[in-house]
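Take a look at the sequence and the model below. The report then starts with a question.

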Amino acid sequence: MVAVPKFDQVKVGDALTPIVLPPITRHQLALYCGGSGDHNPIHVDIDFAKKFGFKDVFAHGMLSMGFLGRLVTSYAPRDKVRRLGTRFTSITWVGDVITLSGKVTGKREENGEKLIDLEVKCTNQNGQDTLQGHATVAAA
Amino acid sequence: MQLDRKVIGHEFEAFTATAEAGKVKLFCKAIGEEDPIYTDAAAAKAAGYKAVPVPPTFLQALTNDDPGKGGLLRLLDVDIGLILHGEQHYDYYAPVHVGDTITCQQKVTDLYDKKGGALWFVVSETSMKDQAGKLVAKATGITVVRNPDAGKK
């Protein structure tokens with residue numbers, strides 16, 4: 001079980017434990033199509049993707065945001081997540097190996113709640129960020 | 001292609017979606033989430049949850065449960081093959097659990113172009129309320145539309 005971060009012990013600059021994911025597969029994109037209800041064929045139908053100028057199908061941005069959710073909830077419990085947001089900065093292709101990483105960027109109090117701000121991101125095997133996100137979690 | 005800023009302020013029809021256990025399970029499998037709190041009521045209770053919670057970005061599965069799905073594309077008259085997801089942000093005000101019925105109301109809040117009209121950005125906000133009428137989350141998304149006419153002159 002993930003423990004609630006202790007506000008006094010957290011320091012700006014603290015790194016989250018990185019997670020290296022297995023390579024993205026077409027099967028995973030099909031599962032996410034069903035699981036998320038995002039049925040855009042561009043992620044699962046190569047004929048459709050090619051028609052619109054792409055070399056292949058590519059991952060849903062929201063699949064990767066789901067990975068960021070996993071990273072954040074490996075740092076703080078689910079019910080402590082107050083914000084999660086991201087920019088989708090480059091396309092994630094089938095076969096890409098994504099690493100999740102993050103760090104503490106701030107500590108503050110809002111409405112009597114102690115909060116920790118995080119920078120979180122997805123980076124591919126070439127060192128290119130595919131998602132540049134941020135999150136806020138409540139601390140104890 | 002020229003998108004019209006008059007769509008700003010457009011409100012889509014509200015709808016209600018249920019956080020279904022089977023959908024959450026499939027969602028977890030897709031993202032590789034193996035924490036049993038999302039699939040096992042006993043594990044969720046042991047971790048201090050009153051019911052099985054949904055993963056943070058499962059809210060997308062709820063907003064995608066729109067019976068009028070694709071409304072934004074129809075409003076803009078844009079083909080689905082031309083869109084990309086630019087940004088997504090969630091503000092969480094209260095937890096969502098399996099079995100909750102969430103009412104979603106989406107509206108267009110901004111529209112602008114970049115690169116001389118080669119890319120258009122459509123911002124929309126969705127408020128999400130639970131069965132008690134309590135605001136549980138706000139979802140803000142930016143959809144990028146690739147202009148098929150760009151560079152064609």
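In which sense do strand 2 of chain A and strand 2 of chain B pair, and over how many bridges?

## Strand to strand

This is a predicted model. In it, the two strands pair in the antiparallel sense, over five bridges. A:Arg87 stands opposite B:Glu87, a residue in strand 2 of chain B.

## The wider contact

The contact between the chains takes 35 residues from chain A and 31 residues from chain B. On the chain B side, helix 1 (21–31), helix 3 (59–63) and strand 2 (83–92) each supply at least two residues. Strand 2 of chain B gives the largest share of that side, eight residues. By class, the side of chain B that touches chain A has 16 nonpolar, nine polar and six charged residues.

## Chain A as a whole

Chain A has three helices and five strands. Along the sequence they follow the pattern β-α-α-α-β-β-β-β. The C-alpha trace spans about 55 × 30 × 25 Å along its principal axes.

Of the 140 residues in chain A, 38% are buried. Among contacts in chain A with a separation of 6 or more, 66% join residues 24 or more positions apart.

## One residue: A:Thr86

A:Thr86 lies in strand 2 of chain A, residues 81–88. A:Thr86 counts as buried because 27 other C-beta atoms lie within 10 Å, and the cut-off is 20 or more.

Leaving aside neighbours within four places in sequence, A:Thr86 is in contact with residues of chain A including A:Met65, A:Leu68 and A:Leu131, and with B:Glu87 and B:Gln88. A:Gly133 is another partner. A:Thr86 and A:Gly133 are 47 residues apart in sequence, yet 3.7 Å apart in space, C-alpha to C-alpha.

Methods
Residues are numbered from 1 along each chain as its sequence is written. Chains are lettered from A and ligands numbered from 1 in the order in which they are written. This is a predicted model: local features need pLDDT of at least 70, side-chain atom pairs count only at pLDDT 80 or more; totals for chains, interfaces and linings use all residues. Helices (H or I, at least four residues) and strands (E, at least two) are DSSP runs, numbered from the N terminus. A residue is buried if 20 or more other C-beta atoms lie within 10 Å of its own, exposed if 12 or fewer, and partly exposed in between; C-beta atoms are placed from the backbone. Two residues are in contact if their C-beta atoms, placed from the backbone, lie within 7 Å. Ala, Val, Leu, Ile, Met, Phe, Trp, Tyr, Cys and Pro count as nonpolar, Asp, Glu, Lys and Arg as charged, and the others, Gly among them, as polar. Two strands pair if DSSP finds at least two bridges between them.
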